[in-house]
Protein chains: 2
Amino acid sequence: MDLIVFVPIGATLALLFAAYLTFTIFKLDEGDDAMKRIAESIREGANAYLIRQYKGVSIFFLGMFIIFFILSRMGYVSIFVPFAFITGGFFSGLSGFLGMKVSTNSNARTTNAAKKSLNGALKVAFASGSVMGLVVVGLALLDLGIWYYILDWYYNALPEIERIAQITSNMLTFGMGASSMALFARVGGGIFTKAADVGADLVGKIEIGIPEDDPRNPAVIADNVGDNVGDVAGLGADLYESYVGSLVSSSALAVAAGLGIKGVTIPLLVASLGVIASIIATFFVKAKEDATQKNLLRALRRGIYVSSIIVAIGAFFIVRNVLGSNYMGVYYSILSGLIAGVLIGFFTEYYTSDNYKPTKKLAESTKTGAATTIISGLSLGMASTAMPVIIVGISIFVSFTLSGGQNDFSLGLYGIAISAVGMLSTLGITLATDAYGPVADNAGGIAEMSNQDPIVRKRTDALDSLGNTTAATGKGFAIGSAALTALAFIAAYKDSIETLVKNGGRAFEFNLSVLNPQVLIGLFLGGMVTFLFASRTMDAVGRAAGKIVVEVRRQFKEIKGLMEGTEEPDYAACVDICTKSSQKELIGIALIAILTPIIVGLLLGPNGVAGLLVGATVTGFVLAIMMANSGGAWDNAKKYIESGVLGGKGSEAHKAAVVGDTVGDPFKDTTGPSLNILIKLMSMVSIVFATLILTFGIL
Amino acid sequence: MDLIVFVPIGATLALLFAAYLTFTIFKLDEGDDAMKRIAESIREGANAYLIRQYKGVSIFFLGMFIIFFILSRMGYVSIFVPFAFITGGFFSGLSGFLGMKVSTNSNARTTNAAKKSLNGALKVAFASGSVMGLVVVGLALLDLGIWYYILDWYYNALPEIERIAQITSNMLTFGMGASSMALFARVGGGIFTKAADVGADLVGKIEIGIPEDDPRNPAVIADNVGDNVGDVAGLGADLYESYVGSLVSSSALAVAAGLGIKGVTIPLLVASLGVIASIIATFFVKAKEDATQKNLLRALRRGIYVSSIIVAIGAFFIVRNVLGSNYMGVYYSILSGLIAGVLIGFFTEYYTSDNYKPTKKLAESTKTGAATTIISGLSLGMASTAMPVIIVGISIFVSFTLSGGQNDFSLGLYGIAISAVGMLSTLGITLATDAYGPVADNAGGIAEMSNQDPIVRKRTDALDSLGNTTAATGKGFAIGSAALTALAFIAAYKDSIETLVKNGGRAFEFNLSVLNPQVLIGLFLGGMVTFLFASRTMDAVGRAAGKIVVEVRRQFKEIKGLMEGTEEPDYAACVDICTKSSQKELIGIALIAILTPIIVGLLLGPNGVAGLLVGATVTGFVLAIMMANSGGAWDNAKKYIESGVLGGKGSEAHKAAVVGDTVGDPFKDTTGPSLNILIKLMSMVSIVFATLILTFGIL
């Protein structure tokens, strides 16, 4: 029987279950009029943003479509490439869009549920997160499945090996489309959300001294919109990309590894298994009515563990049945990825949660002011890179060796790729635990703005703070899998160049030694380009936030009665500024990712490109972890102080902590998570443009 | 004729000229009693620090001596290794010690000269800097020369190739000693100076609101001591290490490149030529009595350009006479290094001087508070990595290709190594323009504390601010050359393992492909270890600064009349805290550098070590540039605001700028400059312990 058929089945199940959850959410009441009105404003802002973003992005995709179309006419890429690129982008955007639709319809309902109980609020928020998680994995499997069948049918006349090669290379373009969209969504959403957040805090909290989410703050709606467009839509597009990337890259390596169609079947089946496991696991996420925060975290964790165990067991049978018992090393690779993901999650929590020493020490450093807070936070983030690097290193070693890399190098690389699939297989549920956070955050804002009983805000705050921890864990997964996936892509790049040479391209032989100057220069450029990208994205946040600051100050100055609460601020103006300024910088940033590998390829040849990609992966991985963890720790250190220690809210220590948190905002929500997209997008661009580089390159 | 004889001649000339300059400085008057007393306090503090540091370091060196001695008895290293290691450390420390002796005797004399004229003050400070520069290059050439003759005599019976191999491999241990000492001096001095600086500023400027260098601040003497032990003694040891490293690494590659003794002669002769060029150039550094700051900078630049031109011309004849006209590519390598150094210097200035857009924009960002100041500063530093990476990349490509690397790989690597020698050849004068800065800084402090006419302080401030720019340029040189030197070391590491295998060691063949998992994991670990090292050093500064803050607060609270100026603070207590806390952390930090390559070697084998070294070089290079330039730009943005723009001193913008400057302190003076030592030290450790790793390693 053709096992691939389980892929659309898994996908359909995921989407159906997501639809069912959406239905149950929409049945709930949104609360009183004030709550409804605020929720509506947030929805409007979010929609306005997305429409504008998709307009801008459409131009980019149209441009790329035309370029690909011309290239395909000239024979440099296959005829499917322009279409695969577009669909990858479309579905990535759709994932974000659907997730956001649900989250902007769940926030007020979460507030309303929080009036009754913490557990009730958790249920709504978590259902919204689950929709997001299931939509991402469902759409990804659906699209991959459809493309698989189309391409399989079209290339039917070719012998198996060549057919698979064609299928997987077209799927890579699909991945490139998804990554491009993810970059736009992550960076654009990240700039929006952090500009609004930073701008609102800088004037509201620090200058004027009004609390967070105070309805008098003109940027407060923009801030809540940001949670949705950045932390939901951006996150969804991002993880869609990660998920697709891991599947596509392992499929691409299946041919070189001599596994043929079976090598493609494994990752797709494991992913489908993960979908089922995630659906089952959602039923394990429930807490008692009087649940403490610790119980809640345990409830979420239970979901992740249950799904991991299901995958760990099921994958054994998948590998044994598809590849046979001689290839059980592939199973251990999957297992190593699964375990590595959980371990990275644990260490991320260790470094960013105020239950542990590092964040507590960071909180202490606020006593001597903002400067020491910054120094300590950066230092914490840097130190936190050690364990994830060691874990990923062990995972690379184990998956390469156990899958048989010592005797068959390509098989070992396939093992590394499949370990990323293992790590992301439970994405349906891990993403759910991550994506529910912004819903809770929004719910808190709505509670504040609609003047609910303080107990409501307290409950949503408990969920929000939990969300910080799970968000950090989610980022650990995304970054860890990115390192493995990027390596798989680099290996696939080498394969694709070698195939081109074999099929009559210009003669070229790889010398990937780190001492080859082309590779070396590439490595340096790769390290540099991650820093340059980080600089551009942070700058964009800084600039956009600056504009918000000016606007908020203007409103407080010009709108009489605003401070007294008798006059409403002009929320839409802030939303509009965020929308515009986040879009303005996107194209420039995207061009870094797309042009760098092409230019390096033309000047330094394929060796240089390989160096570039490895350099960017190594430095980008470390930098991304550092930024995510510094940011998470600053955020939680601030919350820790707000819980009453070190003088609590309003103290000098708290002011210093707010500075740390503000610096951490673009770290953890704009630049850090975009870096993992950058390194994969650059790899895919290299593969898609391989023919061009080989034909026109100097070296 | 044996051309090497020019090496001790050049060295002797440098040291004699340094002695002459010292003599002229000591002849000058130190000024009034208050000035003398303050200068004496600074000297005492600096001496106390150095004595304690050298005590601590001695224990480390003794330990390493014993380890090397045992290893040499067991045949794992040559009999000279323990002694070469000790002398490298000794002379590196001696360079710093002598430089500091002169600088602590020049500060008050500079203040005194500033009573009369700006140019007079420049002369004294620059003479002090020149002593430092010449002592560093003089001692380096002297020691290398002596070791060369000893080893040449001892291995006289061996055929030339083997004799040179023995000579250069022993010289590498000498380099390792120098690097170890440099690490201690840079990190220890960096922690001291920044803890004092940060601590003094946090309480004095921010909390109490007294000006910089106010004699009522208990940490003010420690701050001035710090300038000497960090920015002079640390800098000297650091650049001694860079200089020796470039010479030793190119010599080590001479054998593999098939150049024999001639390949060793070239770098040593070019360095000797650079010494003469630097001495000549000092005579070109003079300004008219009514010189503006622009004139002063031009005066300093003139010195660097004159020496560069002399080297550019002279090196042509050296290469043609020693290697013959078939090897003129080696000359172009030297030239490319020389030009790259000047270009990196220019771009460093562009990013850190307030004459240009980036620092001006950074200053603008202070208007919206500390958080945006930090974000913009980090972003600036990250963006500033692009040009140096591209310049070094071109330099690698040019020197590899033109020296013939396409046909003879080893010759190309030799070309890369020799380009680092070209870059550092004019160190005598570039170091002088760098090392005069702290003297001017101290002179300003002494002027303030001894209540001189404001014009005196204004003059020393002009010199100090100029010093900031030249210091940033100097760091550019140190980091740029470090990248090239580190690559040369990595190549030398490969050679040394291959030689061991050929001479009967365990069978081993390199597979340095970036896709080999051992190399890959090494690359990741290398990227991570630079972050870990950065974290540890910044943390150390933070902790030490925290202790100073507590102490300064205590004194202001407990010493009655301190604020009114009727009672003297306990300066020595702060000096003592800085001294102790800077030493405490050193061993742990040094162990990262020494143990990491050994552990990686034992677990992942020589491929893993090569990956580690390349990864650390790539990430370390980018990180070091970023930290140095962010720090420099924050410092100058603060000075720019203090010059009166954006509200000037005391404004909210200024407060934000002070936070930026404080974060930048450990960036630019502790961690950034230590990173380049780290990457070279790890490389040398790998080479020295190569036999051990090959024998006991798992892979």
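This is a predicted model: local features need pLDDT of at least 70, side-chain atom pairs count only at pLDDT 80 or more; totals for chains, interfaces and linings use all residues.
1. Two elements of chain A give two or more residues to the patch: helix 1 (6-27) and helix 7 (260-282). Helix 1 of chain A gives the most, with three residues.

2. Is F6(A) partly exposed or buried? F6(A) has a relative accessibility of 38%, so it counts as partly exposed; buried would mean under 20%, and exposed over 50%.

3. The two chains also touch each other: 67 residues of chain A are in contact with 66 residues of chain B. Between them the chains bury about 5900 Å², and 85% of this is on carbon and sulfur atoms. On the side of chain B, the residues that lose the most area to chain A are L515(B), F524(B) and F531(B), which together make up 13% of what that side buries.

4. As for polar links, seven residue pairs are in polar contact between chain B and chain A, counting pairs with both residues at pLDDT 80 or more. Zero salt bridges are found across this interface.

5. Which helices of chain B each supply at least two residues of the side that touches chain A? They are helix 11 (370-383), helix 12 (386-402), helix 13 (409-424), helix 15 (454-502), helix 16 (517-558), helix 18 (586-642) and helix 19 (652-688). Helix 16 of chain B gives the most to that side, with 18 residues.

Key. Residues are numbered from 1 along each chain as its sequence is written. Chains are lettered from A and ligands numbered from 1 in the order in which they are written. Side-chain values use heavy atoms; hydrogens and water are left out. Helices (H or I, at least four residues) and strands (E, at least two) are DSSP runs, numbered from the N terminus. Buried means under 20% relative accessible area, exposed over 50%, partly exposed in between (1.4 Å probe, protein chains only). Contact means heavy atoms within 4.5 Å. Buried area is the accessible area (1.4 Å probe) that two parts lose on being put together, summed over both. A salt bridge is a side-chain nitrogen of Lys or Arg within 4 Å of a carboxyl oxygen of Asp or Glu. A polar contact is a pair of N or O atoms within 3.5 Å; within protein, one must be able to donate a hydrogen and the other to accept it, and residues adjacent in sequence count only if both atoms are side-chain atoms.
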